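Here is a short tour of one part of this model, written for reading alongside the sequence and the 3D view. Have a look at the structure, and then follow along below.

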Amino acid sequence: MSVAVVGPNGDVAAFGNYAGTNDVFSTPLSGIKQHAATVWYAKGCNMSDLDGSGIEAAVSIATQADVTVAVMGLDQSQEHETGTRTQLALPGLQLELLEQLRTAAHKLVVVIVSGSAVELGWAKQYADAVLWAGYGGEEAGSALAAVLFGTAQPSGRLPFSTYASVHQLPPFGHMQMDEPPGRTYRYLTQAPAFPFGYGLAYDAAFEYSNLTSSTPIGEFRRCSAVNLSVSIQ
C-alpha cells in the first residue's frame, strides 16, 4: 500500500500545552511509515497563513497514492488559555487544500488534531473517513497509525459535539445555554456534524440500552451522589 501524508500536522508531535517535551517522539508521518511500504509526504499548507505554494506538491502525491491521510486541525498558536478563537473553521488554507485533495485522492482520510471542536460540516462531502485525534503526546503518531491500519480497534467517543458550522451557536456574549439554537449536546436543537459520544469501530456495532439512574434524570442535585448503569452490546 502507498500512502500520501499531507497537512500542517502531518509531521508534528502534538504535545498540548500542559506538557513537557521528549527527545523521542512519533509523528503521524513516522507512525505511518511503520506500516506502509511506500509513504510520500508534502505539508501542503501551513497552520494558519495564506501561503498556497505547497498545495500543488500535496495534490501531486495524492494522485499517486492508494490512500491520502490529511492531518489537519489546530495547534497551540490557535487555541490556548490566553486567547479566544474567533471562528470554528479550519484556519488558513486547510479547507482549500482538502477541496483539491478530494479531487485528486483515491481515498481521503482526514485526521483532526485539536483540543476543541472544529467546524466539520464539510467532512461528509470531502472525506471518506474522519478521525479526531486530540493532542496525543509523544506516542500519538504510533497510536494514530495503529488505528488507521487496523492493528488497534478504535473505541474512543467524541468528548464534545462538532458543529456543522458556527451558525449553530448563539452569539458568544449570550450565555443562556438553551437560547436557540442552544449550546452543547444538551441544548443544541439542530443536527451537529457529529454528536457528543459519537464513534465507530471496524468490526462491531455498539448498542447501548437499559440506562438506569438512582436519581430520576432532571432531578440531579449539585454535589449529590448518583449511580448510573447501562448495558453495552
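Methionine 72 stands opposite isoleucine 112, which lies in β4. Strands here are DSSP E runs of at least two residues and helices are H or I runs of at least four, numbered from the N terminus. The model is predicted: local features need pLDDT of at least 70, side-chain atom pairs count only at pLDDT 80 or more, and totals for chains, interfaces and linings use all residues. Residues are numbered from 1 along each chain as its sequence is written, and side-chain values use heavy atoms, leaving out hydrogens and water.

| Pair | Sense | Bridges |
|---|---|---|
| β1 (residues 2–6) and β3 | parallel | 4 bridges |
| β3 and β4 | parallel | 6 bridges |

How many residues of strand β3 (residues 67–73) are buried? The count is 7 of the 7, so the strand is largely enclosed by the rest of the structure; buried means under 20% relative accessible area with a 1.4 Å probe, protein chains only. Val67, Val69, Val71 and Gly73 point one way, while Thr68, Ala70 and Met72 point the other.

Now to helix α5 (residues 140–148), where the buried residues include Leu144, Ala145 and Val147. The buried residues of α5 pack against α1 (28–33), β4 (108–113) and β5 (129–132), with contact meaning heavy atoms within 4.5 Å. After α5 comes glycine 150, with a positive phi near 80°.

How values were computed. Buried means under 20% relative accessible area, exposed over 50%, partly exposed in between (1.4 Å probe, protein chains only). Two strands pair if DSSP finds at least two bridges between them.
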